[in-house]
Amino acid sequence: MHEDICFADATELARRIREKELSPVEVMRAHLERIAAVNPRLNAIVTLADDALDRARAAERAVIQGKPLGPLHGVPFTCKDSFNVAGVRTTSGSKLFEHRIAERDAVAVARLKQAGAIFMAKTNTPEFTLWWETDNRVFGRTNNPWNPELIPGGSSGGEAAAIVTGMSPLGVGSDLGGSLRMPAHYCGVVGFKPTHGRVPLTGNFPAVLPRTSHVGPMARSVRDAALALRLMSGPDGAD
């Protein structure tokens, strides 16, 4: 049953939650159990959200009470450790910021939350996202799920490894010179690099090379990537 949940795409999970075939709590627990089983071998997930199950319970109550539901209501998502999530450790893979706690959400993260998605965990990245391997001195190396002796690419390698193994249905990554596309290729998922500025960079930490960085979705299906891109896109007045 957990494989049925963990390898369904985000669009399917959202539909099944809306139609009360699955509860957000059931979906969240399945993914957390999958992380506990798979992540020790891969080191893709580096920080779990303490309130993920509480938010899933709140999402479940909203379904039961018949409240309006967003397009990703109750669906877990992850993001690269370069994106700020309020109250959550955000290191960008650097010992300089090993204990940094973000004060507010990155715009891309906030918009997925507004669509009903539940932030579940941070994924590994090279220091400051500036390398083609996913390794750093804070969390260590992420391994390729198909062959742990190989790399998953970078710098969104933690996202790609988490998504292809069913630890996360949907993720937020970034791309400078291949950081979405290479891990997607190495692991076998969908990674989309949008036009520069289509998704605001606001809250992507640190704000290095902003003229050439791109924020984009990672997923197991094209329709999930398209949905996440639509939800995250648009000016924020600050980027």
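In strand β6, the residues H214, G216 and M218 point one way while V215, P217 and A219 point the other way, and all are buried, where buried means under 20% relative accessible area, exposed over 50%, and partly exposed in between (1.4 Å probe, protein chains only). Because 6 of the 6 residues of β6 are buried, the strand is largely enclosed by the rest of the structure. Strands here are DSSP runs (E, at least two residues), as are helices (H or I, at least four), and both are numbered from the N terminus.

This is a predicted model, in which local features need pLDDT of at least 70 and side-chain atom pairs count only at pLDDT 80 or more, whereas totals for chains, interfaces and linings use all residues. Residues are numbered from 1 along each chain as its sequence is written, and side-chain values use heavy atoms, with hydrogens and water left out.

**The sheet and its strands**

- An open sheet of mixed pairing is formed by 6 strands in the order β1-β3-β2-β4-β6-β5, with two strands taken to pair if DSSP finds at least two bridges between them.
- The edges are held by β1 (45–48) and β5 (190–191), each of which has a single partner strand, so one side of each is left without a neighbour in the sheet.
- Helix α3 (residues 24–42) packs on the sheet and touches β1, β2 (76–80) and β3 (118–123), contact meaning heavy atoms within 4.5 Å.
- The direction of α3 makes about 15 degrees with that of β3, where axes are lines fitted to C-alpha atoms, for helices over the stretch in contact, and angles run from 0 to 180 degrees between N-to-C directions.

**The neighbours of β6**

- Strand β4 (residues 170–175) pairs with β6 (residues 214–219) in the antiparallel sense, over 6 bridges.
- Within β6, G216 stands opposite G173, and M218 is the bridge partner of G171.
- Strands β5 and β6 also run antiparallel, joined by 2 bridges, and V190 stands opposite A219 in β6.

**Salt bridges**

- The structure holds 13 salt bridges, each being a side-chain nitrogen of Lys or Arg within 4 Å of a carboxyl oxygen of Asp or Glu.
- One of them joins the side chains of D4 and R16 at 2.9 Å, N to O, and this pair links distant parts of the chain, with D4 in helix α1 (residues 2–6) and R16 in helix α2 (residues 10–18), 12 residues apart.
- D4 is partly exposed, with a relative accessible area of 39%, whereas R16 is buried, at 10%.
- A network of salt bridges links D4, E12, R15, R16, E19 and E21.
- K95 forms a salt bridge with E98, their closest N and O atoms being 3.0 Å apart; K95 is partly exposed at 42%, while E98 counts as buried at 18% relative accessibility.
- D175 and R181 form another salt bridge, with the closest N and O atoms 2.9 Å apart; D175 is buried, with a relative accessible area of 1%, and R181 counts as partly exposed at 38%.

**Cysteines**

- The structure holds 0 disulfides, a disulfide being a pair of cysteine sulfur atoms within 2.5 Å.
- C6 is in no disulfide, and its nearest cysteine sulfur, that of C187, is 17 Å away; C187 is likewise in no disulfide.
- C6 counts as buried at 1% relative accessibility, and C187 counts as buried at 1%.
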